[in-house]
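Opening my notebook on this one. I want to go through salt bridges, the sheet and the cavities, one entry at a time.

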Amino acid sequence: MNASTLPDVEKARFNMVEQQIRTWEVLDEKVLAALFQVRRELFVPPALRALAFSDVELPLEINSVDTHQVMLAPKIEARLAQELQLTATDCVLEIGTGSGYQAALLSKLAQQVTSVEIDSRLSSFAQANLQANHIANVKVETGDGGNGWGSTEYDAILLTGSVPAVPDALKYQLRVGGRMVVAVGQAPIMTVCRITRTTAATFDTVNLFETVIKPLRGATASKFKF
């Protein structure tokens with residue numbers, strides 16, 4: 001692909017992938033292809049569209065009202081998608097829909113995505129964005145999924161906000177062999193982990209990288225001190 005011959009928006013998308021995302025160890029060709037297929041600028045609040053490909057978090061303001069939630073930086077979104085190690089037949093649970101962009105990326109890598117958003121304004125915003133982009137294999141539901149969602153087991157689970165500790169209820173919604181990717185800890189130190197359910201009762205955890213992202217809405221840290 002020759003960036004010099006692309007229209008401005010596609011050139012910005014190309015530069016985002018090549019300069020921000022590849023350099024952050026995102027090399028899975030399926031993930032890189034999804035980044036070109038999903039039009040990130042159409043998931044950004046209109047007033048911030050000029051920043052759609054910038055290496056920053058973007059506040060999610062809906063009709064001039066600040067939801068106090070953000071779109072993660074593109075390199076974080078891409079790395080989270082890669083670390084789920086998705087296959088085309090996987091069913092995915094996402095906790096924290098936001099703008100719908102992360103779910104849209106996952107939709108290109110998996111068979112079905114169920115995304116749960118606690119803020120009804122954001123779930124409506126995400127649904128509209130997904131419909132406008134003709135993405136039919138993402139189902140957005142409104143509610144607090146931080147301690148599990150329904151009784152279905154999933155091949156992969158992604159939390160788009162950080163948690164002080166991983167809820168057991170979510171771990172047990174993984175199928176055996178399923179993977180969860182989640183940022184664990186409190187600012188200024190958080191570690192993104194991949195938790196794999198290896199048997200009915202055992203889990204393997206791999207630490208992937210350190211970052212700081214906003215806490216998942218509804219997730220609370222214990223104030224108890226030894």
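This is a predicted model: local features need pLDDT of at least 70, side-chain atom pairs count only at pLDDT 80 or more; totals for chains, interfaces and linings use all residues.

**Entry 1: salt bridges**

The idea behind the search is simple enough: side chains of opposite charge can pair when their charged atoms come close.

How many salt bridges does the structure hold? I got 16.

I then checked how open the two ends are. Arg22 counts as partly exposed, at 30% relative accessibility. Glu18 is partly exposed too, with a relative accessible area of 28%.

Next I went to Asp119, which forms a salt bridge with Arg121. The closest N and O atoms of that pair are 2.8 Å apart. Is Asp119 buried or exposed? It is buried, because its relative accessible area is 5% and my cut-off for buried is under 20%. Arg121 comes out as partly exposed, at 36%.

Then I looked at Lys171 and Asp168, whose side chains meet in a salt bridge at 3.9 Å, N to O. Why might these two line up? Both belong to helix H6 (residues 168-171), and being 3 residues apart there, they are separated by about one helical turn. I have Lys171 down as buried, with a relative accessible area of 18%.

I also noted a network: salt bridges that share partners join Glu10, Arg13, Arg39 and Glu41.

**Entry 2: the sheet**

Which order do the strands take in the open sheet? I read it as S5-S4-S3-S6-S7-S8-S9, which makes 7 strands with mixed pairing. The edges are strand S5 (138-142) and S9, each of which pairs on one side only. From one strand to the next, the twist averages 15°.

I wanted an example of each sense of pairing, since strands of a sheet pair through backbone hydrogen bonds, either parallel or antiparallel. For parallel, I took S6 and S7, which pair over 4 bridges. Ile157 has Met180, in S7, as its bridge partner.

For antiparallel, I took strand S8 (residues 189-197) and strand S9 (residues 203-211), which pair over 8 bridges. These two form a hairpin, with 5 residues between them. Arg197 has its bridge partner in S9, namely Phe203.

**Entry 3: cavities**

I searched for cavities of 30 Å³ or more and found 2.

The largest cavity holds about 350 Å³ of space. S2 gives the most, with 3 residues. Sorting the lining by class, I have 12 nonpolar, 12 polar and 6 charged residues.

The second largest cavity holds about 40 Å³ of space. How do its lining residues split by class? I get 10 nonpolar, 1 polar and no charged residues. Among the lining residues are Ile76, Leu80, Leu158, Leu159, Val192 and Phe209, and Thr211 is also on the list. Helix H3 (74-83), strand S6 (154-159), strand S7 (174-186) and S9 each supply at least two residues. The largest share of that lining, 3 residues, comes from S7.

**Entry 4: a loop residue**

Where does Leu27 lie? It lies in the loop between helix H1 (8-21) and helix H2 (29-37). I have Leu27 down as exposed, because its relative accessibility is 55% and exposed starts over 50%.

I also took a distance from Leu27 to Asn129, 102 residues apart along the chain. The C-alpha atoms of these two are separated by 27 Å.

Methods: Residues are numbered from 1 along each chain as its sequence is written. Side-chain values use heavy atoms; hydrogens and water are left out. Two strands pair if DSSP finds at least two bridges between them. On a 1 Å grid over the protein atoms alone, a cavity is a set of points where a 1.4 Å probe fits but cannot get out, and a pocket is an open set with protein on both sides within 12 Å along at least five of seven lines; lining residues have an atom within 4 Å of a point. Grid points are joined across faces, edges and corners, and a volume is the space filled by probe spheres set on the points. Ala, Val, Leu, Ile, Met, Phe, Trp, Tyr, Cys and Pro count as nonpolar, Asp, Glu, Lys and Arg as charged, and the others, Gly among them, as polar. A salt bridge is a side-chain nitrogen of Lys or Arg within 4 Å of a carboxyl oxygen of Asp or Glu. Buried means under 20% relative accessible area, exposed over 50%, partly exposed in between (1.4 Å probe, protein chains only). Axes are lines fitted to C-alpha atoms, for helices over the stretch in contact, and angles run from 0 to 180 degrees between N-to-C directions.
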